[in-house]
Amino acid sequence: MLMLGAFLVEAVCGWPDWLYRRIRHPVVWIGSLISALEATLNLDRFTPAVRRALGMLTTLVVVATATLSACLFVVFLPETPLGFAVEVAAASSLLASRSLYCHVLRVTQHLEHDDLTEARQAVSYIVSRDPTELDTSGVARANLESLAENASDGVIAPLFWGSLLGLPGLIAYKAINTLDSMLGYRTDRLWAFGGFAARLDDAANLIPARLTGGLIALASFRPAAVRVMLRYARTHRSPNAGWPESAMAGALGIRLGGPRVYAGAKTADPWLNATAPDPGPDDARRGLYLYVRTMLLAALVLLVLAVGGAQP
């Protein structure tokens, strides 16, 4: 019941701006701890081996701190309806279904109004690639890829770990995912220090990414989504992102992926559903409709688990 309640609360309310202005957000707290440890321990004078060890230590400290905090929070909550409501509210803060929808919708609306400049600016908030040279199809691809990947990282994976391990499992996952988003880059500064965090995030998303791809395919009612996912998912440079992204490509009958620019360097990423046409504004809108159906299907799964007593 906990995760079903949290999912519904987050979908309706999100994380209110007034609350963010007062106390920020749990992920911001985790990010502040990561930033402080990285600035203190990831020093240029250390050898790569030392930086790898210190990066592993940083990862373990952050995950342990977040998990222990959640355990203590749960222990001291009263076993009353009010205590359960507080736990649901806390869990809802670690989901991102509403904010993801709003970000992708903003990009989609700019594309629909042929405002490429604003669309590029809006998509820059949800992707790490350089959007300045993207055309309309490029922005639509980036938008849909972010929608698919973050449906896994921001919604299904937290729900999965929260359903298995309660609030401590949920916040442990968010700590791992935040570590990867901040440290898991192949840059001169981070490639050694953040390597363990990146591999741990890959492991944590192994099952949820495949679940997300399956949910997207089921919600699309298109057998092609399954065929494309099974054919192209393993061609992606990420061991996990290819599953929801290729399912999205097959469901919408478009191609995703392909070459893109990160920090000035062009990468030759493979196409997903390579023979299909590029997406446009209409496909971005269809992707949002598919995302909503996927979230409704996920809520139905949580309801079945809750009724069957299989969910914390």
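Is Asp44 buried or exposed? With a relative accessible area of 63%, Asp44 is exposed, where buried stands for under 20% relative accessible area, exposed for over 50% and partly exposed for values in between (1.4 Å probe, protein chains only). The views below show a predicted model, in which local features need pLDDT of at least 70 and side-chain atom pairs count only at pLDDT 80 or more, while totals for chains, interfaces and linings use all residues. Residues are numbered from 1 along each chain as its sequence is written, and side-chain values use heavy atoms, with hydrogens and water left out.

**View 1. The salt bridge of Arg51 and Asp44.** Arg51 forms a salt bridge with Asp44, and their closest N and O atoms are 3.8 Å apart. The term denotes a side-chain nitrogen of Lys or Arg within 4 Å of a carboxyl oxygen of Asp or Glu.

**View 2. The salt bridge of Arg141 and Asp278.** The side chains of Arg141 and Asp278 meet in a salt bridge with an N to O distance of 3.0 Å. This pair links distant parts of the chain, 137 residues apart: Arg141 belongs to helix 8 (residues 136-183), and Asp278 to the loop between strand 4 (271-272) and helix 13 (281-307). Helices (H or I, at least four residues) and strands (E, at least two) are DSSP runs, numbered from the N terminus. Arg141 is buried, its relative accessible area being 12%, while Asp278 counts as partly exposed at 32%.

View 3. Arg286 and Asp283 both lie in helix 13, three residues apart, about one turn of the helix. An α-helix has 3.6 residues a turn, so residues three or four places apart point the same way. The side chains of Arg286 and Asp283 meet in a salt bridge of 2.7 Å, N to O. Arg286 is partly exposed, with a relative accessible area of 35%, and Asp283 is buried at 13%. Separately, salt bridges that share partners join Glu38, Asp44, Arg51 and Arg189 into one network.

**View 4. Asp201, a buried charge in helix 9.** Asp201 is found in helix 9 (residues 195-204). Asp201 is buried yet has no salt bridge, and the nearest side chain of opposite charge, Lys174, is 9.1 Å away. Leaving aside residues up to four places away in sequence, Asp201 touches Ile176, Asn177, Asp180 and Asn240, a contact being heavy atoms within 4.5 Å.

**View 5. Helix 12 and its cover.** Helix 12 (residues 242-252) is mostly covered, as eleven of its eleven residues are buried. Among them are Trp243, Pro244, Glu245 and Met248. The cover over the buried residues of helix 12 includes helix 8, helix 10 (206-220), helix 11 (223-232), strand 1 (256-257), strand 4 and helix 13. Just after helix 12, Gly253 takes a positive phi of about 70 degrees.

View 6. Most residues other than glycine have a negative phi. Arg24, although not a glycine, has a positive phi of about 65 degrees. Arg24 is found in the loop between helix 2 (17-23) and helix 3 (26-41) and counts as partly exposed at 42% relative accessibility. Phi of Phe221 is also positive, near 60 degrees. Phe221 is found in the loop between helix 10 and helix 11, and at 69% relative accessibility Phe221 counts as exposed.

View 7. The structure holds zero disulfides, a disulfide being a pair of cysteine sulfur atoms within 2.5 Å. Cys102 is found in helix 6 (residues 97-112). The closest cysteine sulfur to that of Cys102 is in Cys13, 12 Å away, which is too far for a bond. Cys102 counts as partly exposed at 33% relative accessibility. Cys102 and Leu288 are 186 residues apart in sequence and 9.8 Å apart in space, C-alpha to C-alpha.

Definitions and conventions. Lys and Arg count as positive and Asp and Glu as negative; His and the chain ends are not counted.
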